[in-house]
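Welcome, and please take a moment to look over the structure below. The report that follows walks through a few of its features one at a time.

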Amino acid sequence: MGLRRYLGLFGFLFVAVPVLACQAATASTRVALVIGNSQYRNVPQLANPDNDAAAFAQTLKQAGFDVVDARHDLTGADMRRALRDFGDKARNADMAVIYYAGHGIEVEGTNYLIPVDAALQRDTDVYDEAVSLDRVLVAVESAKRLRLVILDACRDNPFNKTMKKVSMRSVGRGLAKVEPTSPNTLIAYAAKAGSTAADGDSKNSPFTDALVRHIATPGLDVRKAFGFVRDDVLKVTNNRQEPYVYGSLGGEDVPLVPVKAAPSASAAPVPDARADARRDYELSLQLGTRAAWDTFLKSYPTGFYADLAKGQIDKIVAEDTRLAATAKARETAEEKARLAAEGAKQAEMAKAAAAAKTAEDARIAAEQAKRIKQAKVDAAEQSREAAERAADTQAAKVAVNSTMQARSPSQADVSASSSAPPASQAPAQQTASLSPAAEPVAQPALSAVEINKSVQIELRRVGCFNGSADGEWGKASRLSLENFNRHADAKLDVKVASLDTLGVIKGKTARVCPLICRHGYKADGDACAKIACGEGKVLNDDNECVARKERKAPSASRERDDRRPRRAGRGRFNDELDAPQAAAPRLRSRASAKPEQGGVVCDDHTCHPIKRGCRIEFRTTAQGGGVLGGGSNMEICN
């Protein structure tokens, strides 16, 4: 009897011990390291990183993370030690998260985090005094399901003015783009690679403020959470700062905070019947063309999103009407100015003035109608975004993935204990971005010509393109996009039109390129009006009306000078003929001329004594005398 009890107890232990070991191995462990560097010693201190790190650490603690190691104002040695210790804690963890707020720098395509004691007097000092992003990735490398690094460090380089360049290494703006080599790794930037992030005017930066609102939502996939973060930051910064995520995850949702199991295993989440319409609507909204909205309404002729699409079409029609009315008003104003300049009859002027007033009234009415349509569309879009966000958050809180609920406990344990599914069953990897993850859906087709035409229309709206929107991306279109880049401080590719280019231009609500009018016209609002000068005035080269100069009649003395014969080939004496001449000395007439002994004779060039046996005799210019005075004395020798 004792032997049976012993064998029974031994059998119980043989079964129970592996079960307990399996449960311990499959338990979900989440660890995090949070660093905030504000009190820099060699550059101006930062106001928000300590606050941002504290807010994020508190969010993770409330979300039930097993380990949240919060550090502040770390030196280089402290940062390396903290990463080493955290690597031990992250070993075999289910999720490992590192959050850093402070200064960062990019050198030769490699990103570095700056400790508070770094001096960086030379560009090569970064290798000794800073901590590379690669070292941070090593600390989370052993996590199984998710390796997440969040960097709110895309600020301007504080050492840029004092750092000496002792090598040919380039120091970039913000942080460089990175492609993680380890699977299930995401790296989130507060601003896209090559751009900088703002600290904001509040206690926390715009990025961290949005991050703590969405990242710990139960059941919300981490990629979709970052999508909501992106939307909030773009809205707060007026599209100046766009967060971005680099890396990839598998096809299943990966929430940072899981939801609790539903009371009944048979209960399944209610699918969103409008999901396809919502996705197609958002795509059509990015395109913003009449063709895209017409295609959308063919697929979804009725319903909530159909009404929104019709409102978008009304806005486009109102804009086209406004443009036509503006062009008509400009034409009538130019016609009125032309008639005034040509001195037209009173009846013609009155008719032109009436036409100009009618066209201007139509333009004002079109402007008002366009503003009303725009206000309605904006209000509808705000309501839609708020409703969709509330629905997404609520669905994430109360629903559990139907596939996970349908699994048996043993299947769930096997899935959790394996780091990756078999190759034959592995879902396709997808690149993570800050846009919510979505399955491929039927999207409205849009050709390259339609995209070109849409970009041309938007460039014309912001004053950078004055050609016709024909869909041909030629030299004029490229030059207009270069002009937009110059005045909007953008870096869009001018060689080809794209949806990204269209989105950036549509984000500009006011005129971007200045209005330039040709000679004889001046800027009048969004149009060029012909300059009409009053009576007695003319338009000069500077587009100014100046008094007309009256041409004076030539004086009598000038006429006599013009009639005076000139002798060609006399060189510098030709100029002297044009200047007033002194009275010529009175010369002796030919009748009184007689041979003289001695004396001096002068011609147009020099003077010399007359030769013996010669005499002085006056000769006219025609007879060979001097040019000045119409003649001169000459030496005559027999």
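Cys 464 and Cys 513 are joined by a disulfide, with an S to S distance of 1.8 Å; a disulfide here is a pair of cysteine sulfur atoms within 2.5 Å. This is a predicted model, in which local features need pLDDT of at least 70 and side-chain atom pairs count only at pLDDT 80 or more, while totals for chains, interfaces and linings use all residues. Residues are numbered from 1 along each chain as its sequence is written, and side-chain values use heavy atoms, with hydrogens and water left out.

**The disulfides**

How many disulfides does this rule give? The count comes to three. In the pair already named, the torsion about the S-S bond is about 90°, so the link of Cys 464 and Cys 513 is right-handed. This pair connects distant parts of the chain, 49 residues apart: Cys 464 sits in the loop between α14 (448-461) and α15 (475-488), and Cys 513 in the loop between α16 (499-506) and β11 (521-524). Helices (H or I, at least four residues) and strands (E, at least two) are DSSP runs, numbered from the N terminus.

Cys 533 and Cys 545 form another disulfide, with sulfur atoms 2.0 Å apart. The torsion about the S-S bond of Cys 533 and Cys 545 is -80°, and this link is left-handed. Cys 533 lies in the loop between β12 (527-530) and β13 (537-539), and Cys 545 in strand β14 (residues 545-547), so the pair ties together parts that are twelve residues apart in sequence.

A further disulfide is formed by Cys 614 and Cys 637, with sulfur atoms 1.7 Å apart. The torsion about the S-S bond of Cys 614 and Cys 637 is about 110°, so this disulfide is right-handed. Here, too, distant parts of the chain are linked, with Cys 614 in strand β17 (residues 614-620) and Cys 637 in strand β18 (residues 631-637), 23 residues apart.

| Cysteine | Relative accessible area | Class |
|---|---|---|
| Cys 464 | 7% | buried |
| Cys 513 | 1% | buried |
| Cys 533 | 24% | partly exposed |
| Cys 545 | 31% | partly exposed |
| Cys 614 | 4% | buried |
| Cys 637 | 42% | partly exposed |

**The nonpolar cores**

A nonpolar core is a set of buried Ala, Val, Leu, Ile, Met, Phe, Trp, Tyr and Cys residues joined through side-chain atoms within 4.5 Å. In soluble globular proteins, nonpolar side chains tend to be buried together. The largest such core in this model has 81 residues, and Ile 150 and Leu 256 have the most contacts inside it. Strand β3 (residues 95-101) gives the most to this core, with seven residues. A second, separate core has 18 residues, including Ala 488, Leu 492, Val 494 and Ile 505.

Which residues does Leu 256 contact, leaving aside its neighbours within four places in sequence? Taking contact as heavy atoms within 4.5 Å, the partners of Leu 256 include Arg 30, Leu 60, Phe 65, Met 95 and Val 97. Leu 146, Leu 148, Ile 215 and Leu 220 are also in contact with Leu 256.

**A covered strand and a buried glutamine**

Strand β8 (residues 185-189) is mostly covered, with five of its five residues buried. In a regular strand the side chains alternate between the two faces of the sheet. From β8, Thr 185, Ile 187 and Tyr 189 point one way, while Leu 186 and Ala 188 point the other way.

Two strands pair if DSSP finds at least two bridges between them. Strand β7 (residues 146-152) pairs with β8 in the parallel sense over five bridges, and Leu 151 stands opposite Tyr 189 in β8. Strand β9 (residues 244-249) pairs with β8 in the antiparallel sense, also over five bridges. There, Tyr 246 in β9 is the bridge partner of Ile 187.

Gln 312 lies in helix α10 (residues 304-341) and is buried, with a relative accessible area of 4%. Not counting residues up to four places away in sequence, Gln 312 touches Tyr 281, Leu 285, Trp 293, Val 377 and Glu 381.

**Confidence**

The predictor's confidence in each residue is its pLDDT, from 0 to 100. The mean pLDDT of the protein is 77, and 75% of its residues reach 70 or more. Confidence is highest in strand β1 (residues 30-36), at a mean of 95, and lowest in strand β10 (residues 430-431), at 39.

Notes: Buried < 20%, exposed > 50% of the residue type's maximum accessible area, 1.4 Å probe, protein only.
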